[in-house]
Amino acid sequence: MKRDLLPVQSISFLFACLLVALSAIKPLRANAQPSLGANPSSSVPGGTVTAVWTDISSPTVVDWIGLYLPGTANTAYIDWIYVSCSKSRGNAEASGSCPFVLPASLVAGTYELRLLANDGYADLATSNAFTVTAGTVATLVASPANIFPGGTITAAWTGIAAPTSTDWIGLFQPSAADTAYIDWIYVSCSKSPGSAGASRSCPFVLPANLAPGAYNTRLFSNDGFTRLATSNPLTVSGGNGNLVRFLEQATFGPTQSLIAHVGQVGIEGYLDAQRTAPMMDYPVLEFWPQTRPATCTGDCQRDNYTYYQLQRHFFTNALYGQDQLRQRVAFALGQILVTSQVDVPLPSWMRTYQQLLYQSAFGNFRQLLYDVTVNPTMGRFLDMLNNRCQTRTPPNVNICRNGLNSQPNENYAREILQLFSIGTFLLNQDGTRQLDGSGNLIPTYDQTIVEEFSRVFTGWILAPALPGPPSIGGTVPNYRDPMRIRLDSQAREDYHDKGPKSLLNGFQLSGGQAQAVELGAAIDNIAFHSNVAPFISKQLIQHLVTSNPSPTYVERIASVFAANANSPTQIYDVVRAILLDPEARGDFIDPVTQPNYGKLREPVQFITNLLRAFNANSDGVLNSLNVGGSAIGSADMSQDVFNAPSVFSFYPPTARVPGENALGPQFGIFSSLTSLRRANFANRIIFSNIPAAPPNRPIGTSIDLSSWDPLASNADELIEALNQLLLHGPMSAEMRDSVKIAVESIPASNARLRVRTALYLIAASSQYQVQR
Amino acid sequence: MTTTRREFLSRSLGMFGAALLAVERFGLLNALAQSVDYRALVCIFLNGGNDGGNMVIPYDDYATYSAARSPSGLAIPQSSLLRTGVVPGVGTEFGFHPSLTGLHDLWGQGRLAVICNVGTLVEPTNRDAYRNRTVQVPLNLFSHSDQINQWQTSVSNSASPSGWGGRAADKIGDFNTTVFPPVTSTAGTPIFTIGNIERPLAIAAAPTRLDAALRLDGFPNPPDNDPRYLQMQHLLLVDQDKTLVRGASRVTSEAVAMERAIRFTGDPAVPPFPLNPRTSLGNQLEQIAKVISVRNELGMSRQIFFCSLGGFDTHNGQVVTGTPATGTHANLLLQASNAMKAFYDATVLLGVASQVTTFTLSDFSRTWVPNGTLGTDHAWGSHQFVMGGSVLGREFYGVPGSNGTVFPTLAANGPDDTDVGGNARGRWIPTVAIDQYGATLASWLGINSSDLPAIFPNIGRFSTANLGFML
């Protein structure tokens, strides 16, 4: 038996003496006898009866209540609890009550409870008898517990003892009478009766006009109001929360008008329209000589030898472009298939690459990989440009006609595999890593494969030179057109290694093939490797939705990726699936309840989300900014647009949330320095503006808060409106209270300062830095 | 009662507001007796994989070098090398790249040592063991991201959530009588700086003033009675049930508290800085020298600093055609050498030259045999510099390898190469583990030998935990 009496008793004795001593100073009710009641008088196995006792004269922490068959000995208890209501000791209680959960295996019959003293078998009182009838208690669970109006919950019930086809589920406010249902369905899952079911589940679509607040669902028998079960509470958040969250994921930030628009056309309607929304461009930049002519100074130098115009247009496109989804996806792709100013000095060269990403953002991934490979900007950045075969000893012109002593450059071969397509370890389709029989990770390729690909990637040179700008004349390197195949005077591919090559998964290039044929086959070999779908899908999810997607989410998206491998709209299809997935939309599990859900907004997103929410007027000069001695641009927050430190981009996908066992890639650039710079950007834009400073900052950046002033007299309304716009609804009570204290410290007459104070506190908060 | 760093870290997330801490911090400033017991490590990470082969070059055996690197145009002319004299531990003479005049000067002063053929290892590894995989080799050799992580974590056989600088800081935190973080970085928060307990303070490099190296705009000074300031801090303590919010608040709380501390430092001059012209690494080391100059005011006895210089991934255009002593790599080495020399001189003027040790790390070395685009590709073991008044300088250190010396055998397809056959590129298998290199430095900093395995989990697999290059 589990009740070990002896040692406990001795301790209990001491404790009891102490209690007696203490009780001496309390008024005692004289001569009252202990009593014990059990109700209700009938229950079921697994059900609960409430034990109520009074007047234990010398209560101890180890007084206990046992469940018995009437007439059996006190030692023959079936189950027990202390007066703490559990099997752990609590306080001594002269009088009290406890729910006593009957064992699920209890057989039908008559039972009683007994109150026993001090871990022993001396009974103080015996309850009324109660009956236990066979059967189970019906249960009802509604999930998710946090949801938006118009959302779908799943109502799952069990244990209807006598199911009928007209059992029904209603939606209620918690305090409402059973007759005051808001909406209902039969257990058929519709308003038409279907089949009966003791245990089943139904989707229950909440009314679209449901007011935010608390609700529950209830299960009733047979078209009547006999309540069988009540669900957990439901919290319905404000009206547009789901739409606002969607726009945080799919765009550079929700605007008031865009929220209203998507409210009308719906999320899927918006996605449909985005597919064909007119594409924004980067400004056409003339191709200049690599070395700046001495005559090119001032604006000429700024526009042709710095990234000023490109970075500025990146921001104006993000702030004002209609093709938000395309831009957002292109920005994500640009952080996976990276080029950087680090080795691409001229903005006209980078423009070619960024235009390619815009154009390919909704296209086919294999095609994108091919186009990136022959793009001259990538060719320069990762050294496929001018890469040449090695002259063999003895020379063999059938393998290498015009080579070098040295071996081909390995740079592009390594990074296309490691970063652009398959990664370093074999993956399952859900993005987790495969293990071999010994539990070890399995490398996707080795150094030999890298060297083989480096020989494939030989023989490409720039397309014929372009005419220089009219004021300069001459010719300039062609970073406009795809790279071309180097041919000697007899039109032979003299830089290409024509030897046989062994690629991924044992695929062989036999050698002697045309250079373009080999490249196509090699790109196929990479792009159709089974790692690509989970590797790229997971990163796109992380860029758009959440840093820690569930494996099943990754798997669902990877299957869309794989199924559309030959579709000309593969990436669009994948992105659409990412954004409509239950894990993004919260259909299965409300993200608000998931501690690891969401992503830290990267600096660009932080800036554009804040500006778009308040209809900023901006010249787009937001990358590198020093205002009043404070560095507050995205570059100053460690995201220098188009100028990542290396092909590994701004932050590693493996970076963790500080102090946590969770991924948080963007935390790789979130430090004491950059976190304060984010707050300082908020301070600058909310309390004043980024002033114009011609010529390089023609109008500056400012937001208009005048429409918010009327809300300021009521702090709650002001905070709730900001909550809806910036946090899509789930601001915690603690946060609300904190913001309110600061707002109410300001006289209501100073409406603008109240608005600014509330907005600053939210915009600078960690709660806003994290897109959830 | 002063608050220890450890208490600060455990409290800052829960019931302890940053405002209160800032006040305590202010109370500590200037209140401490000068600490004579001061030691600091300064890590310089050369991002991209520095070509050790063109940094430390055999002078006596120049022919071997020239044969490998001349055909591709990468060989530095023998006449331009900065000669070392006969290196005692090797018995032959070497030369530094001609850009390294500053470091060569320190070599002459006995303040600079070279650690040879050091790299990522899981256990001691030679060519046969590597080829036959009879030992565990580091995961994803030749990959930048993985090798950077392994250099910074000293763990090459799994993914480590913390770095060896941060873990060393976990152990030294209690030396300091302050809540100021023991790890300060001018280059973000790479994993080197992250401990199991400790988190780095990232600050702006010079020419940003030290007292503005962290700044929070828009509040009165002092801000303590400003309701918005108080509530901003309070918000950092709520919604702790959300992982990413908690992580962001952790970083920001510390930033807000330390911004208050650093406000009172002024902007001390640390000659010979600033460099003219200013450089990225020079600006970082200048700011680090400034922090060191206010070590007593900050209450610091032990510190670890991190800075970095990028651009070493020289697949292409490493040298200029025809003038191989110039070009990308020469410029990078020049920047590193000038900044390091100035930093050493600054520590002399601050009176802490023997209390500050500066060392380099890098992803990997580069292929001994170049590629066809005036560049080199990813390799493995490399050479690193250690600089300071407590360095036993003018010597090469390491573990003797295939030729009986600490310097590798410079032969593609030779006894130290991973590669075989006629196309072998010369990727040296390290004879020294980063664990040993780091443990020597950490021991000098004051880490007990019993604590080394917590910082360098694989240290027990290697012959020695002290390479002997520190006093």
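The structure is a predicted model, in which local features need pLDDT of at least 70 and side-chain atom pairs count only at pLDDT 80 or more, while totals for chains, interfaces and linings use all residues. Residues are numbered from 1 along each chain as its sequence is written, with chains lettered from A and ligands numbered from 1 in the order in which they are written. The predictor gives the complex an ipTM of 0.93 and a pTM of 0.82. Over residues 11-34 of chain B, pLDDT stays under 50. Where pLDDT is low, the predicted coordinates should not be read in detail.

Helix H20 of chain A covers residues 733-744 (helices are DSSP runs of H or I, at least four residues, numbered from the N terminus). At 1.5 Å times one less than its number of residues, its 12 residues should span 16 Å, and its end C-alpha atoms are 16 Å apart, which agrees. Its buried residues (20 or more other C-beta atoms within 10 Å of their own, C-beta atoms being placed from the backbone) are A:Met735, A:Ser738, A:Val739, A:Ala742 and A:Val743. Seen down the helix axis, they fall within an arc of 135° (taken from the directions from the axis to the C-beta atoms), so they line one face of H20(A). These residues pack against helices H19 (715-727), H21 (751-763) and H22 (766-769) of chain A. Helix H8 (227-235) of chain B also packs against them.

How values were computed. Helix = DSSP H or I, 4+ residues; strand = E, 2+ residues; numbered from the N terminus. Buried ≥ 20, exposed ≤ 12 C-beta atoms within 10 Å, placed from the backbone. Contact = placed C-beta atoms within 7 Å. pLDDT = per-residue confidence, 0-100.
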